[in-house]
Amino acid sequence: SLREFGNPGPSAISTIMGRFYSWEEAVTACPEGWELPSPSDWTAMVAAVSGKAAADDLADIDGVAGALMGKDLKLNGKALWQYWRGVERTDASALSLMPGGYALNTVPGLYSFHGNGSYAMLWTSGERDGHAVYRYVNEKFPILYCGLADKKSFCIPVRCVKSAE
């Protein structure tokens, strides 16, 4: 069954782009009745909004990034997603992804931020070869990518899912 993607509520959005969580934090960040989407939740949602099937749940999916990106989003009058030919932002998924980038926590309590304005990244509940699985889009390409990251030092936002009823 298709699960509903959503924002877990005010406790998970402390800034405009949302909080950044390590995967270890993310697996407990969703409120009761919600959880991190699995890799298969992502492929099912993308197929529902775009009609494009993935080779498997960890495959990159071409031609769908624009359906995930927030359309006409601005901050202080500046477009959050820059125009790139080949990426038609429709936000057909209603996820309204914003390009918040990612954070690295390589020294306890000290974070460095990267990719703001270019990447939107979100955790999944998936694991592979000791790494956490995440999904991301880049402003320049129409591809929904699948990435693997360290569970403790790589920090990105979450979107949670609940069963459709």
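**Notebook: contacts, cores and strands**

I began with contacts (heavy atoms within 4.5 Å). In the protein chain, residues 24 or more positions apart account for 59% of the contacts with a separation of 6 or more.

A note on the source: this is a predicted model, where local features need pLDDT of at least 70 and side-chain atom pairs count only at pLDDT 80 or more, while totals for chains, interfaces and linings use all residues. Residues are numbered from 1 along each chain as its sequence is written, and side-chain values use heavy atoms, with hydrogens and water left out.

**Layout.** I looked up helices (DSSP H or I, at least four residues) and strands (DSSP E, at least two), both numbered from the N terminus. The protein chain has three helices and eleven strands, and their pattern along the sequence is β-β-α-α-α-β-β-β-β-β-β-β-β-β.

**Burial.** I took buried as under 20% relative accessible area, exposed as over 50% and partly exposed as in between, with a 1.4 Å probe and protein chains only. Of the 165 residues in the protein chain, 45% are buried.

**Cores.** A nonpolar core is a set of buried Ala, Val, Leu, Ile, Met, Phe, Trp, Tyr and Cys residues joined through side-chain atoms within 4.5 Å. Which residues have the most contacts inside the largest one? I found Leu36, Trp123, Tyr134, Phe154 and Val158, in a core of 18 residues. At least two residues each come from α1 (23–26), β7 (119–128), β8 (131–138), β9 (145–149) and β10 (154–156). The largest share, three residues, is from β8. A second, separate core has 16 residues, including Trp42, Met45, Val64 and Val87.

I then checked Val158. Beyond its neighbours within four places in sequence, Val158 is in contact with Tyr21, Ala26, Leu36, Leu122 and Trp123.

**Sheet.** I counted two strands as paired if DSSP finds at least two bridges between them. Three strands form an open, antiparallel sheet in the order β7-β8-β9. Its edge strands, β7 and β9, each pair on one side only. Five bridges join β8 and β9, and Arg135 sits opposite Cys146 in β9.

**Pro31.** Where is Pro31? I found Pro31 in the loop between α1 and α2 (39–50). Pro31 counts as partly exposed because its relative accessibility is 27%. Pro31 and Cys160 are 129 residues apart in sequence, yet 8.5 Å apart in space, C-alpha to C-alpha.
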